[in-house]
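Morning, everyone. I will talk about aromatic rings today. Please look at the model on the screen.

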Amino acid sequence: MSNKNFKRSTFLYVTPKEVPKDYLMDHKLDYRLSRWCLKELTQEENLSISNHLHMEDDETKLVSISHTKELAACALCISKDVRSIGIDIEWVGRKIRDGSFKYFVSKEEELELYSPLEIWCIKEAAFKAYHPFHDQSQKTLVLTDFEIQENATLLAPNGETFDFSLTKQKVEDKEFILVLAEY
């Protein structure tokens with residue numbers, strides 16, 4: 001378990017070894033990991049998230065969760081300067097098919113800044129942070145609607161910019177990417 005900070009947010013990641021064996025045994029491992037992570041970070045008993053945005057019992061706690069095989073992460077922000085947060089986590093070894101780039105790479109310049117997997121993670125985190133504020137009557141929101149800019153910023157579909165942080169960490173000698181976006 002590791003606790004880190006980015007600007008106004010805190011994030012935590014956990015592995016199966018850190019979750020009690022009897023915790024939410026009637027659910028799949030990924031769910032158990034993400035909820036344990038959320039419980040540890042927020043110190044809340046009710047782990048319900050409202051509108052993919054904040055804790056149901058405390059709207060001042062902005063949250064986001066992510067999981068991949070045997071690894072989960074969550075983020076928490078209580079700053080009034082942040083409207084929403086998004087987090088994504090992936091093992092570095094995850095393969096992305098070349099033909100799938102058109103679904104998440106907005107422009108060629110993004111590939112000069114980041115690897116395809118990093119772009120995927122950045123845009124997944126951005127999507128989670130922005131989605132609660134997207135006008136649902138407009139076009140369906142997709143990952144290519146976000147453009148990665150230099151200096152770890154993103155251009156949202158509405159023209160606003162917001163920040164993200166990309167970090168690579170290791171757990172048990174296996175590397176993963178974690179991205180946290182603040183909108």
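First, a term for exposure: buried means under 20% relative accessible area, exposed over 50%, and partly exposed in between, with a 1.4 Å probe and protein chains only. This is a predicted model, where local features need pLDDT of at least 70, side-chain atom pairs count only at pLDDT 80 or more, and totals for chains, interfaces and linings use all residues. Residues are numbered from 1 along each chain as its sequence is written, and side-chain values use heavy atoms, with hydrogens and water left out.

Now the rings. Searching the whole structure gives 11 aromatic pairs. Rings of Phe, Tyr and Trp (its six-membered ring) pair if their centres lie within 6.5 Å; planes under 30 degrees apart are stacked, over 60 edge-to-face, and the rest tilted.

One of the pairs is Tyr13 with Phe176, edge-to-face, at 4.8 Å centre to centre and 70 degrees between the planes. Both residues, Tyr13 and Phe176, are buried.

Another edge-to-face pair is Phe101 with Phe104, at 5.8 Å centre to centre and 65 degrees between the planes. Is each of these two buried or partly exposed? Phe101 has a relative accessible area of 21%, so it is partly exposed. Phe104 is at 1% relative accessibility and therefore counts as buried.

There is also a cluster: Tyr130, Phe133, Phe146, Phe162 and Tyr183 form one aromatic cluster.

Last, charges over rings, meaning NZ of Lys or CZ of Arg within 6 Å of the ring centre and within 35 degrees of the ring normal. Arg83 lies over the face of Phe133, 5.2 Å from the ring centre. Lys174 lies over the face of Trp91, 4.3 Å from the ring centre.
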